[in-house]
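Visitor: Hi! Could you walk me through this structure?
Guide: Happy to, let's have a look together.

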Amino acid sequence: MANQRDYYEVLGLGKSASEQQIKSAYRKLALKYHPDRNKEAGASEKFKEISTAYEVLGNSEKRKKYDQFGHASATGGPTPGWGGPFTYTYSNQGGAGFEDIFGGSDPFDIFESFFGGASPFRRGPAKSHYQIKIDFIEAVNGVTKNIVHQGKQYAIKIPTGADNGTRIRYSDFDVSVAVSPDKYFKREGVDVIVDHEISFPLAALGGDTSVPTLDGDLRLKIKAGTQHGSLIRLTGKGIKQINTNHRGDFYIRFIIKVPTKLDRRERELLHELESVQT
C-alpha cells in the first residue's frame with residue numbers, strides 16, 4: 001500500500017471534489033487510457049489505477065473510510081477495474097439498482113462500440129439476451145412487459161424515456177429495447193418534433209389549430225402570415241430523460257398544405273390575390 005498514489009491525485013481532483021466531479025473525471029480518464037484505445041506503454045496499468053481509485057471514491061462509504069484511514073481502508077477491497085463503476089442492473093426482484101456514469105447508456109456497449117470487439121469488462125460466460133419491442137408512446141411513458149427465462153416469468157419494467165438500444169441488465173440475463181417509430185412524432189434524443197399541416201388560408205390569415213402533443217391535444221393560435229417550415233418550441237414538453245426529472249423540448253413545424261385540385265371559383269380568387277400582390 002505504501003507505493004500507491006493518492007486516489008484523489010490519480011483522478012486529478014482535490015479532496016473537496018463533488019460526486020459529479022469524481023464521476024466526470026473518471027469517465028474522461030477511463031476513455032483516455034483504455035488499453036484497447038491507448039497503446040502506449042503503461043496505459044493498461046494507468047487504466048487499472050484509475051478504476052481502482054474510482055472504486056473507492058465513487059462509493060460514499062468507501063470514500064469516507066479512505067478519507068479517514070487512507071489506503072489501509074481498501075485492504076481486501078475490490079479487484080481493480082471491472083466491478084462497481086460499470087454496474088447497470090436491475091435485480092431479479094424487479095428493484096432498480098444501477099449507477100449511471102455514462103449518461104444513461106450501457107457502459108459495456110459504449111466500450112464495445114467505441115473500441116470495437118468485445119468489452120474487456122465482461123466476466124464469465126455470455127448471458128442470455130432478450131429484445132423487447134415497444135411502440136413510441138410506451139417508450140415515452142414507460143411500460144411493463146413480460147418475458148420467460150428458464151421457465152420463469154419476469155415482469156420487465158421499461159423506464160420512462162427508453163429508446164432504441166436501452167438495455168436493462170439482470171443478474172441472469174440482459175434485455176434490450178427496440179422502439180417502433182411513430183408516424184407523427186419524430187424523436188431526436190429527448191426532443192420531439194412534429195410536422196403539422198395547416199391550410200394556405202389559415203397560414204395567411206391566422207386562426208386556431210389543434211396539435212397532438214405527448215400531453216394531449218393543444219390548441220394553438222396561428223399568426224397571420226405564418227411561413228412554411230416555421231417552428232414553435234414548447235420547452236420541457238418533450239421526452240423525460242431516463243433516471244432524471246429533465247424533459248426535452250417539443251417542436252411543432254408548420255407545413256403549409258397547397259391544394260392540388262381547385263375549382264373555378266378558387267382559381268379566380270387566387271388569380272385576384274396574385275394580381276393584388278404584383
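Guide: Some terms to start with: helices (H or I, at least four residues) and strands (E, at least two) are DSSP runs, numbered from the N terminus, and two strands pair if DSSP finds at least two bridges between them. This is a predicted model, where local features need pLDDT of at least 70, side-chain atom pairs count only at pLDDT 80 or more, and totals for chains, interfaces and linings use all residues. Residues are numbered from 1 along each chain as its sequence is written, and side-chain values use heavy atoms, leaving out hydrogens and water.
Visitor: Thanks! In what order do the three strands of the open sheet come?

Guide: The order is E1-E5-E4, with mixed pairing.
Visitor: Why is one side of E1 and of E4 left without a neighbour in the sheet?
Guide: Strand E1 (128-134) and strand E4 (167-169) stand at the edges with a single partner strand each, so one side of each has no neighbour in the sheet.
Visitor: And how many bridges join E1 to E5?
Guide: Seven, and E1 runs parallel to E5 (residues 173-179). Within E5, Ser-176 is the bridge partner of Gln-131.
Visitor: New topic: which residues touch the most other members of the largest nonpolar core?
Guide: Val-192, Leu-214, Phe-250 and Ile-252, out of 19 residues. Such a core is a set of buried Ala, Val, Leu, Ile, Met, Phe, Trp, Tyr and Cys residues joined through side-chain atoms within 4.5 Å; buried means under 20% relative accessible area (1.4 Å probe, protein chains only).
Visitor: Which element gives the largest share?
Guide: E11, with four residues.

Technical notes
Buried < 20%, exposed > 50% of the residue type's maximum accessible area, 1.4 Å probe, protein only.
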